[in-house]
Amino acid sequence: MTFEIFASAFAELLTPSVFFYLAVGVILGTLIGALPGLSATMGVALVTPITFWLDKVDGFAMLMGLWNAAIFAGGITAILINTPGTPASITQAWDGYPMYKEGKGGLALGINVVFSFIGGMISILLLILLASPIADITIKFGPAEYAMVALFGMTMMIAVSNGKVLKGLMLGFLGLLLSTVGLCPISGLQRFTFGRIDLQAGISFIPVMIGLLGLGEVFYQIYDYNEQKAGQEMEARKVSQALGRILPTAGEMKRWTPRCIISGIAATIIGAIPAAGGDISAIICWGNSKRFSKEGDKYGHGSAEGLAVSATANNGVIGGAMCTMLTLGIPGDAVTAVLLGSLMMYGMTPGHAMFSEQIGFTAQIMALMVLANLAFLVIGLATAKVSAKLLNMSQPTVWVAVGALCIIGSYCINNSYMDVIVMFVMGILGFFLKVYDFPSGPLVLGLLLGGTVEKNMRTALVISQGDWSYFITRPISLTLLVLIAASFLFPVVQAVMKKKKKDGDMHEIRE
């Protein structure tokens with residue numbers, strides 16, 4: 001796509017109606033993304049029918065604003081109440097919430113806004129420049145490659161265990177077991193459903209996440225509540241808020257941005273892979289950044305760098321997902337599946353025609369994504385202090401609000417009381433995990449990726465008639481397999497090198 005075409009499309013969007021519907025979309029997306037359980041997919045699906053009454057440009061302005069803002073806004077509740085507003089925000093809770101507890105809630109919210117914007121802009125730039133080459137790579141992905149991508153994501157269990165590797169692996173395997181509930185992806189037989197129809201689709205990831213990270217945290221805070229200590233913490237937070245800041249300093253931006261640019265590029269590539277969403281992208285980028293960062297031991301304990309990487313990876317997926325949808329007509333994630341239907345309702349066929357016959361509207365969609373990122377940057381920074389005022393709310397008020405949101409969010413996903421029951425069970429489990437110092441991340445990771453690994457690995461074995469060499473005879477699958485092996489070996493090599501260095505230092509001191 002030439003610069004002239006994009007510039008012309010951008011100029012055509014500078015109308016009052018486009019700005020109005022874009023602002024409406026950003027505001028709706030911020031509200032939907034910040035409510036636990038109300039995902040960007042749900043928001044886009046609910047608003048799409050309304051857009052059919054609008055001009056296609058105005059309609060897509062609302063949808064682009066909602067989608068981009070909802071992904072960023074998921075980090076708001078992840079930071080303030082340890083409950084990710086969207087699945088993609090799970091890693092933001094690992095660093096953002098500890099920052100909030102340290103009295104750095106305003107800074108955490110600022111990092112979330114700024115680096116979500118950076119991730120989105122990197123992704124959109126790559127979408128504009130490299131749409132066709134990225135699509136050419138992903139079209140070669142089959143079941144073997146999808147299985148290896150998901151398996152690579154599962155290697156992050158160690159990274160998200162916060163040093164408690166054995167405990168983390170135990171919970172990771174529990175998550176894998178939970179992922180087997182429902183219908184077998186190959187034979188269609190029921191597994192562990194106990195005759196209940198509402199379990200045939202499996203255990204939904206979102207109620208589990210809300211229960212473990214949201215309700216479990218509420219239960220633990222009630223259990224650990226001390227009125228005098230809470231009063232002291234409240235005063236400390238007020239002082240911190242009064243003296244705090246929203247924006248990172250120039251030095252911090254300079255230090256974090258190179259790492260985040262790499263994460264943004266990686267997230268775009270991951271987003272271009274169908275079914276690989278922001279949650280997988282955030283986990284992979286966060287985990288690998290932790291491995292290679294000098295302050296990797298701080299990740300998961302309030303690392304501002306870790307939060308910046310997570311925010312970048314979340315919104316970095318969007319451009320890659322749109323690339324796959326626009327170029328190949330294959331949804332990159334659940335949101336683009338809804339957008340694919342919207343395009344077809346407007347009489348357009350994603351694929352080569354979008355870059356030849358409909359090149360003008362394709363450029364307008366990309367320009368709308370740029371405007372959506374600029375809009376949520378302005379709105380997000382303008383409302384960050386308002387969000388930070390939640391730090392002054394009393395703990396009982398927060399408990400009631402979070403509990404209500406957990407119940408409503410869990411029910412709204414499928415209008416199912418079973419999801420609410422699952423959420424409560426996971427909330428109780430999350431409480432005990434907090435009490436006995438078990439990391440909850442690996443369980444969520446196992447549940448999230450277990451089904452993808454099983455389905456694609458078994459499909460690949462059916463295609464190869466049970467030949468396991470199928471996974472190493474395909475170049476992309478073999479490359480991913482090498483990366484998986486390297487991810488396991490790197491911590492071992494790193495530990496050995498640290499030990500040698502320590503022994504060498506001790507030897508020099510003795511001499």
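Reader: Which helices each supply at least two residues of the lining of the second largest pocket?

Author: They are helix H6 (105-138), helix H7 (143-154), helix H11 (250-271), helix H12 (278-292) and helix H20 (475-510). Helices are DSSP runs of H or I with at least four residues, strands are runs of E with at least two, and both are numbered from the N terminus. This model is predicted: local features need pLDDT of at least 70, side-chain atom pairs count only at pLDDT 80 or more, and totals for chains, interfaces and linings use all residues. Residues are numbered from 1 along each chain as its sequence is written, and side-chain values use heavy atoms, without hydrogens and water.

Reader: How much space lies in the second largest pocket, and what makes a space a pocket rather than a cavity?

Author: The second largest pocket holds about 770 Å³. Of the 30 residues that line this pocket, Phe152, Ala266, Ile270, Ile284 and Leu483 are the closest to its centre. On a 1 Å grid over the protein atoms alone, a pocket is an open set of points with protein on both sides within 12 Å along at least five of seven lines, while a cavity is a set where a 1.4 Å probe fits but cannot get out; lining residues have an atom within 4 Å of a point. Points are joined across faces, edges and corners, and the volume is the space filled by probe spheres set on them. The pocket lining has 22 nonpolar, six polar and two charged residues.

Reader: How many cavities are counted, and what lines the second largest cavity?

Author: The count is two cavities of 30 Å³ or more. The second largest cavity has a volume of about 40 Å³, and among the residues that line it are Asp198, Leu199, Met418 and Asp419.

Reader: Why is Trp53 called exposed?

Author: Its relative accessible area is 79%. Exposed means over 50%, buried means under 20%, and partly exposed lies in between (1.4 Å probe, protein chains only), so Trp53 is exposed. Trp53 is in the loop between helix H3 (40-51) and helix H4 (56-81).

Reader: What makes the contact of Arg191 with Glu454 a salt bridge?

Author: The side chains of Arg191 and Glu454 meet at 2.7 Å, N to O. A salt bridge needs a side-chain nitrogen of Lys or Arg within 4 Å of a carboxyl oxygen of Asp or Glu, so this pair qualifies. The pair links distant parts of the chain, with Arg191 in strand S2 (residues 190-191) and Glu454 in helix H18 (residues 441-463), 263 residues apart. Side chains of opposite charge can pair when their charged atoms come close.

Reader: Are Arg191 and Glu454 buried or exposed?

Author: Arg191 has 17% relative accessibility and Glu454 has 16%, so each counts as buried.

Reader: How do you know that Arg458 belongs to a network?

Author: The side chains of Arg458 and Glu454 meet in a salt bridge at 3.2 Å, N to O. Arg458 and Glu454 are four residues apart in helix H18, which means about one helical turn between them. Arg458 is partly exposed, at 32% relative accessible area. Salt bridges that share partners join Arg191, Glu454 and Arg458 into one network.

Reader: Why is Asp198 called partly exposed, and what does it pair with?

Author: Asp198 has 33% relative accessibility, so it counts as partly exposed. Asp198 forms a salt bridge with Arg196, the closest N and O atoms being 3.0 Å apart. Arg196 is also partly exposed, at 41% relative accessible area. A search of the whole structure finds six salt bridges.

Note on methods:
Nonpolar A, V, L, I, M, F, W, Y, C, P; charged D, E, K, R; others polar.
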